[in-house]
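Visitor: I would like to learn how to read the sheets and helices of a model. Please take me through one.

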Amino acid sequence: MALDIINPATKQTYKSIQTSTLDDVNHTVEKAKAAFEQWSAKSHEERTAALHKVANAIEASAPELAEIITSEQGKPLFLAQFEVGGAVAWTHYNADLKLEPEVLEDSDERRVEVHRMPVGVVASITPWNWPLMIAIWHIMPALRAGNSVVIKPSSFTPVNTLRLVEIINEHTVPNLVQAVIGEKEVGEPLVSHPDVKKIVFTGSTAVGKRIASLVAGDLKKVTLELGGNDAGIVLENANIEKIAEKIFMTSFINMGQTCACLKRLYVHRSKYEALCDALVKIAAAQVVGNGMNDGVTFGPVQNVNQYEKVKAMIADARESGAEVIAAELPAGLDGYFIAPTIIKDPQHSIDVVCHEQFGPVLPVIPYDNLNEVMSKAIHKDFALGGSVWGEPCAELDWVVEQLDSGTVWVNNHAEVLPHVPFGGNKSSGLGVEFGMEGLLENTVRKVVNRAK
């Protein structure tokens, strides 16, 4: 069946591709299993060299990949170029990770080592917000550990993934990474396939829990990076001039379509109006439009479903009495555009505060008492990221201790780094990605105990 890929800036078809069948899934996994045998037999040095070649090839294809990302995902071209650059850097980093045996004991009685072995075929399911970068996050540690990968990209943004698969296979072994296209009729048989030994998924909590239930019976390894509703707390001693720009960027990066975006901002009342004014000014300065056009800094929401969801949240906030502030959109736009929107003093019970927006809207909530606001900032279900903004003081340290998220940033938010483990607590995830911890999640442990 043909699948039309819609450019969200124009609502026009960008590409049409074929979806996969159940037979396609089975054949793909069979080929991945054969590729695993060939790839896992290579030395660590050979894998490292091959992945560096892949990184260089991605870099050589950067203009092509960036244009694909903007055309199918919607983000401005400069941000798509940043995504490709990140993919290159992440690939080089993973290529250089070491998997040497860990010596636990070397005594007169015994030598005990921990060895790490690849798991086999890894199934990757990626979302539409950072389609190239998240594919890299899933694929490269799996390959470095010696596995093969079958990836199911979002049906909204599969084109760049298909090109990435071609690049990887050109510089490794045939069929080492393959893609299947479709929705759950493809995804569920893939994760349930008996020859798939690990699943890595980035997306909604509901789908993550469904995946976990599908594979529990086989005790497959699972890494889940799921939804969040990240809170930021601005302290009374914060310097607004220093933090306003960074707060805006970490709230609205990728038009707010990032799992670890700052999504709820609590501001001490003494700094509330000043910070709101600064955020509104920065929002008004954004150039909203088609990401392929020069000077555009702010693109569309990626798809119609998310567009309607965010619009409904904004309308609900306005109807509940909150002040909704957004610049008018430029004339002539015909995509899924929403100007960056600041919502002042919303009720804490409304959707835009209680639920992840995943779009260009930020509720800003005043507070007077830090203890009281902490009870609101800590979400009962989600704990992906959180942040505190202010000058060094005991209150700042206290907030860092109280926040229960997988990552706590101080005077920053949404920064992810290849060497720093990243993952959520509660219903925001299971396991971690990045760094040595992320690499090891693509392995199984083998303890070798040698008597002397």
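**Reading the sheets and helices**

Guide: Strand 5 and strand 6 pair in the parallel sense over five bridges. Two strands count as paired if DSSP finds at least two bridges between them. Helices (H or I, at least four residues) and strands (E, at least two) are DSSP runs, numbered from the N terminus. This is a predicted model, in which local features need pLDDT of at least 70 and side-chain atom pairs count only at pLDDT 80 or more, while totals for chains, interfaces and linings use all residues. Residues are numbered from 1 along each chain as its sequence is written, and side-chain values use heavy atoms, with hydrogens and water left out.

Visitor: In strand 6, which residue is the bridge partner of S124?

Guide: Strands of a sheet pair through backbone hydrogen bonds, either parallel or antiparallel. Here S124 has I151 of strand 6 as its bridge partner. Strand 5 (residues 121–125) is also joined to strand 8 (residues 196–202) by five bridges, and these two run parallel. There, I125 is partnered by F201 in strand 8.

Visitor: In what order do the strands of this open sheet come?

Guide: Six strands form it, in the order 7-6-5-8-9-19, with mixed pairing. Strand 7 (177–179) and strand 19 (429–430) are at the edges with a single partner strand each, so one side of each has no neighbour in the sheet.

Visitor: Which helix packs on the sheet, touching strand 5, strand 6, strand 7 and strand 8?

Guide: Helix 1 (residues 22–40) does, where contact means heavy atoms within 4.5 Å. The direction of helix 1 makes about 150° with that of strand 6 (148–152). Axes are lines fitted to C-alpha atoms, for helices over the stretch in contact, and angles run from 0 to 180 degrees between N-to-C directions. Helix 5 (residues 131–144) lies across strands 5, 6, 7 and 8 too, at about 160° to strand 6.

Visitor: At what angle do helix 2 and helix 6 pack?

Guide: Two packed helices are described by the angle between their axes and the distance between the axes. Helix 2 (residues 44–60) and helix 6 (residues 159–170) pack at about 135°, with axes 9 Å apart.

Visitor: Which residues meet between helix 2 and helix 6?

Guide: V54, A57 and I58 of helix 2 meet L164, I167 and I168 of helix 6. By class, this contact has six nonpolar, no polar and no charged residues. Ala, Val, Leu, Ile, Met, Phe, Trp, Tyr, Cys and Pro count as nonpolar, Asp, Glu, Lys and Arg as charged, and the others, Gly among them, as polar.

Visitor: What is the strand order in the open sheet of seven strands?

Guide: The order is 12-13-14-11-10-16-17, and the pairing is mixed. Strand 12 (323–325) and strand 17 are its edge strands, each pairing on one side only. The twist from one strand to the next averages 20°. Strand 16 (residues 385–389) pairs with strand 17 in the parallel sense over four bridges, and G386 has V408 in strand 17 as its bridge partner.
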